[in-house]
Amino acid sequence: MMNRLKNILVAAWDFADSYLYDIRRYWRHSQAFARFRSRKTARAYLLMSVHALEKGLALQERKPGFGKAKCRELLGEALRFQQQFGPDPVCRYTVEVVGCVLEFNAATGDTDADLVARFQSLKNEITQSQTSFDAPGGLRQVCKREIAASLPPDAFQFFATRHSVRQFAAGKIPEASIREAVRIAQRSPSVCNRQSCRLHYTTDPDIIAKTLAHQKGAGGFGENAAAVFVVTSELGAFNRAGERNQAYVDGGIFAQTFALGMHALGFGTCYLNWSKTAREDRQFRRGLNIPDSEMIITLLAGGCLREEFVVAASPRIPTDEVLSQLRRRHS
Ligand SMILES: Cc1cc2nc3c(=O)[nH]c(=O)nc-3n(C[C@H](O)[C@H](O)[C@H](O)COP(=O)(O)O)c2cc1C
């Protein structure tokens, strides 16, 4: 009886502590109360705002003269960013996208001379940063034939041959392969292209052992993993209460693309849940260089594939239980 009561009290405490922990961290790190609180929050805010213009350019029906007020506002914010945090590729990206919008508007006969003059002067003030995004902002031409040529011959097979691998061959995953899998994971969509996800990893057996001791779900196989990965999502990318769970959505998509990327490169992975209480999350972070502003989404173990091995079959429920058509409810 006493034991049961104790368990209920501990569970209730963990509930309250964990929810309060989430609220406190979202309050402290998100951009809900200050967009220019840090480089991280300001960059995510600019990425999101500039992307709103960029996607306007990608619409089939583009409105002539669109986005002028937004262009003006964003040029000012890019300058403010640079003054506050120094050069950053997001400022360059802002200039590129605003340039494309002005070009489009000029082509439709809607030129705002005052805005163009402001753009030209600001363009010169924006300093080149040492790092850059992987492509200029604006539009990218895509060809259906190119997409078709890049597809695996059997789409189902590609996904069906990814398994949670719990037996690994001896050997290391080359750093270049990890980097390539992250580059692949970076192709994941993210809310307003804010790209909140980060990947921390270790190939050090000692750190792997300590990490897995906290995670507790890799018993019997974690010790053979060549690497452990921690997928996180930067809370500074998110705004307002409505986005409080967005880190999990973007983080889940990123983690899955990473696992599929490792699969495409010929390595095995197994997700390792981070379904933890606030207490456990705090303990894990102690002594690790994961910034407090990042939410831990999931861990993965990874390693080289054996020539032959077994996996848990993990049969799937009937597709008819998963798939249904949306219908209007008649009340
Ligand atoms: C978020 C997440 C957390 C998981 N955590 C664990 C874990 O802690 N330990 C483990 O052995 N497997 C874990 N798995 C693997 C699942 O058991 C596995 O994905 C599921 O059975 C389907 O099998 P498959 O991945 O081989 O298709 C996890 C999977 C996901 C997506």
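**Rings, ligand shell and backbone of a predicted chain**

The charged end of Arg 80 sits over the ring of Phe 36, 3.9 Å from the ring centre. A charge sits over a ring when NZ of Lys or CZ of Arg is within 6 Å of the ring centre and within 35 degrees of the ring normal. Arg 166 also lies over a ring face, that of Phe 221, at 5.9 Å from the ring centre.

This is a predicted model, in which local features need pLDDT of at least 70, side-chain atom pairs count only at pLDDT 80 or more, and totals for chains, interfaces and linings use all residues. Residues are numbered from 1 along each chain as its sequence is written, and side-chain values use heavy atoms, with hydrogens and water left out.

The protein chain holds 12 helices and 4 strands. Helices (H or I, at least four residues) and strands (E, at least two) are DSSP runs, numbered from the N terminus. Along its principal axes, the C-alpha trace spans about 75 × 60 × 55 Å. Of the 331 residues, 40% count as buried. Buried means under 20% relative accessible area, exposed means over 50%, and partly exposed lies in between (1.4 Å probe, protein chains only).

Turn to the ligand. It is surrounded by 13 residues, where near means that a heavy atom of the residue lies within 4 Å of the molecule. The closest are Ser 164, Arg 166, Gly 217, Asn 273 and Arg 316. Strand S3 (residues 267–273) gives the most to this shell, with 4 residues. By class, the shell has 4 nonpolar, 6 polar and 3 charged residues. Here Ala, Val, Leu, Ile, Met, Phe, Trp, Tyr, Cys and Pro count as nonpolar, Asp, Glu, Lys and Arg as charged, and the others, Gly among them, as polar.

Which side chains place an N or O atom at 2.8 Å, 2.9 Å or 3.0 Å from an oxygen atom of the ligand? For Arg 316 the distance is 2.8 Å. For Arg 162 it is 2.9 Å. For Gln 215 it is 3.0 Å. A polar contact is a pair of N or O atoms within 3.5 Å; within protein, one must be able to donate a hydrogen and the other to accept it, and residues adjacent in sequence count only if both atoms are side-chain atoms. On its own the ligand has 610 Å² of accessible area, and the protein covers 66% of that. Accessible areas come from the Shrake-Rupley method with a 1.4 Å probe; for residues, only the protein chains shown count as cover.

Next, the aromatic rings. A pair of aromatic rings is described by the distance of the centres and the angle of the planes. Rings of Phe, Tyr and Trp (its six-membered ring) pair if their centres lie within 6.5 Å; planes under 30 degrees apart count as stacked, over 60 as edge-to-face and the rest as tilted. A search of the whole structure finds 10 aromatic pairs. The rings of Phe 15 and Tyr 19 have centres 5.9 Å apart and planes at 35 degrees, so this pair is tilted. Both residues lie in helix H1 (residues 2–29), 4 residues apart, about one turn of the helix. Phe 15 counts as exposed, at 54% relative accessibility. Tyr 19 counts as exposed too, at 54%. The ring centres of Trp 27 and Phe 33 are 4.5 Å apart with planes at 35 degrees, so that pair is tilted. Trp 27 and Phe 33 are both exposed.

Tyr 201, Phe 229 and Phe 258 form one aromatic cluster. Is Phe 229 buried or exposed? Its relative accessibility is 0%, so Phe 229 counts as buried. Phe 229 has its place in strand S2. Its C-alpha atom is separated by 34 Å from that of Leu 9, 220 residues away along the chain.

Leu 47, in helix H2 (residues 39–57), is buried, with a relative accessible area of 5%. Leu 47 and Leu 323 are 276 residues apart in sequence and 35 Å apart in space, C-alpha to C-alpha.

Finally, the backbone. Most residues other than glycine have a negative phi, and most peptide bonds are trans. Asn 193 has a positive phi, near 60 degrees. Asn 193 lies in the loop between helix H8 (175–185) and strand S1 (197–202). With a relative accessible area of 28%, Asn 193 is partly exposed. Lys 216 is not a glycine, yet its phi is positive at about 70 degrees. Lys 216 lies in the loop between helix H9 (205–215) and strand S2 (227–234). With a relative accessible area of 62%, Lys 216 is exposed.
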